[in-house]
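I opened this notebook to record what I looked up in the structure. The entries follow below.

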Amino acid sequence: MSKKEKRSVVLAHIALVAISIFWLIPFVFLLLQSFRSYASEYGGMVSYIVPKKFSLDNYVFLLDGSCNFLKWYSNTLIIAFFVALISTFFVICTSYALSRMRFAGRTFLMKFWLVLGLFPAFLSLICMYFLLKEIGLTQEGAIPGLILVGVATSGMGYYVCKGYFDTIPKSLDEAARIDGATRAQVFVQMIIPLSKPIVIYTALVAFMAPWCDYVTASYVAFGYEKSYNVAVAMQRWIWTNDYQGFFTRFCAGGVLVAVPVTLLFMCLQKYYVEGVTGGAVKG
């Protein structure tokens, strides 16, 4: 490279490092506060960031059963797991049908879903709550209710997955059909193995939505603590208790919530990137 190009690369790297440090500051702060002793350094009433004494008091409080954190955590995990599993199945099936099959109304259906997806989901929140309430899927039944809400419109998120399927040559399907394979066999034995990146991408996106959900979960589980997910429970927790006293415990809970998602993205980053870039090639 020329000197000018080298200089540009160095400046770009410096800028990226600076942005990364700035972006990581809140996470470092959260992590440091989670290790601050609740007993010796009460709540948020301090004027320094780095704890004078590191302690696991906050994590012990969350995990020893003295609060309902483990129940909230398991609720969140159950909802996110089943939403990811079922939504991925619906999205993949819908995307395959729209990519490979031609039928009346196909183009209109895709455009209609895209337009519908422009409207925020919370516009239907009140109507959805009363519908769920009529069939007993609020409060005590909030967990299956939130799973139902999470998967109900999942097929509308077909666009990226369909774009990935469009990159797989249709000649493979045709050759398999000539050899006697059914449409289902082509889909399961050929398309799915070739589509691992987009399947993982779809599952990760579907997992993240209920894992971070607050608005819908707060409505559906309203007033029934045992059905709260972590986001709703911890928000209500600091509302109904001393915020400053529970601040460090809140930070510890935030760290524990971030751990599974961080590990998933670190382990599956390769497939995640391939799924995004592959699905963006064709519409």
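**Contacts and overall fold**

I looked up the contacts (heavy atoms within 4.5 Å) first: in the protein chain, 74% of those with a separation of 6 or more join residues 24 or more positions apart. I note that this is a predicted model, in which local features need pLDDT of at least 70, side-chain atom pairs count only at pLDDT 80 or more, and totals for chains, interfaces and linings use all residues. Residues are numbered from 1 along each chain as its sequence is written, and side-chain values use heavy atoms, with hydrogens and water left out.

I then looked up the secondary structure (DSSP runs: helices are H or I of at least four residues, strands E of at least two, numbered from the N terminus). The protein chain holds 13 helices and zero strands.

**Burial**

I took buried as under 20% relative accessible area, exposed as over 50% and partly exposed as in between, with a 1.4 Å probe and protein chains only. Of the 283 residues in the protein chain, 37% are buried. Leu 123 lies in the loop between helix H4 (106-116) and H5; this residue counts as exposed because its relative accessibility is 59%.

**Aromatic rings**

I searched for aromatic pairs (rings of Phe, Tyr and Trp, the last by its six-membered ring, with centres within 6.5 Å; planes under 30 degrees apart are stacked, over 60 edge-to-face, the rest tilted). The whole structure has 14 such pairs. Tyr 129 and Phe 130 are edge-to-face, because their ring centres are 5.6 Å apart and their planes stand at 75°. Tyr 129 is buried at 16% relative accessibility, whereas Phe 130 is partly exposed at 47%. I also recorded a cluster in which ring pairs link Phe 69, Tyr 73, Phe 207 and Trp 211.
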